[in-house]
Amino acid sequence: MPDSLTSAHRGGVRIARGASPWLLPTVATAALSLTRARKSGRWAAVAVPTTALAAGMLWFFRDPEREIAQGRVISPADGVVQSIMPWKDGRTRVAIFMSPLNVHVNRAPLAGTVTSVEHVPGGFVPAFNKESENNERVVWHFDTELGDIEMIQIAGAVARRIVPYIPQGTKVEQGERIGLIRFGSRVDIYLPAGVEVAVEVGQATTAGVTRIDRD
């Protein structure tokens with residue numbers, strides 16, 4: 001079943017699938033405290049932080065529409081390029097760090113078919129830490145016009161749940177929503193040998209908008 005908030009809008013903002021387990025209790029608590037605050041000073045004191053937390057959750061789980069950019073490979077995540085690393089097999093890994101302020105819905109970097117979606121258990125150290133290589137993750141493989149493309153969603157110290165939206169065998173369009181990482185985290189994408197990187201370390205990226213490769 002789709003998440004109950006998949007198509008919900010709050011002030012015109014779409015709410016991400018997979019938000020309900022965190023968002024619904026928070027919003028319900030804020031609503032209850034606001035209702036009771038009218039008759040109780042104690043509840044008024046509770047209403048301020050719970051309302052602020054609910055507003056923060058709504059902001060975090062926002063899922064804006066995007067005009068998908070043109071290009072062979074586009075960014076799967078909002079964030080900042082943390083590292084660009086050549087791999088022994090000739091590929092290049094581009095790691096994108098997402099802070100809690102970023103949109104955490106990830107998108108398909110290319111059109112193609114999802115050939116595998118594998119959950120790998122692991123730790124939960126901060127996603128900017130080198131030790132995050134052993135963190136909880138979901139490993140994606142896409143069969144695309146460039147061949148096999150690997151993308152990895154990595155959980156961080158706070159992000160302890162990765163929510164894939166689509167299963168193996170699904171055909172996806174470039175820029176299509178494919179999953180959510182709750183709270184701060186990282187996304188790695190491996191560019192095939194011979195594909196030149198167009199971004200730089202420290203550069204901000206926008207999922208579905210920023211081009212990762214260069215002609």
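Two aromatic pairs were counted in this predicted model, where rings of Phe, Tyr and Trp (its six-membered ring) pair if their centres lie within 6.5 Å. Planes under 30 degrees apart count as stacked, over 60 as edge-to-face and the rest as tilted. Trp-87 and Tyr-190 form an edge-to-face pair, with 5.4 Å centre to centre and 80° between the planes. This pair links distant parts of the chain. Trp-87 lies in the loop between β3 (79-86) and β4, and Tyr-190 lies in strand β12, 103 residues apart. Strands are DSSP runs (E, at least two residues), numbered from the N terminus. Trp-87 is partly exposed, at 31% relative accessible area, whereas Tyr-190 is buried, at 6%. Buried means under 20% relative accessible area, exposed over 50%, and partly exposed in between (1.4 Å probe, protein chains only).

Trp-140 and Phe-142 form a stacked pair, with 5.9 Å centre to centre and 5° between the planes. Both residues are buried. Both also belong to the largest nonpolar core, which has 36 residues. Such a core is a set of buried Ala, Val, Leu, Ile, Met, Phe, Trp, Tyr and Cys residues joined through side-chain atoms within 4.5 Å. Val-94, Trp-140, Phe-142, Ile-178 and Leu-191 touch the most other members. Strands that each supply at least two residues of this core include β4 (92-98), β7 (137-144) and β12 (185-191).

Residues are numbered from 1 along each chain as its sequence is written. Local features need pLDDT of at least 70, side-chain atom pairs count only at pLDDT 80 or more, totals for chains, interfaces and linings use all residues, and side-chain values use heavy atoms, without hydrogens and water.

Key:
Helix = DSSP H or I, 4+ residues; strand = E, 2+ residues; numbered from the N terminus.
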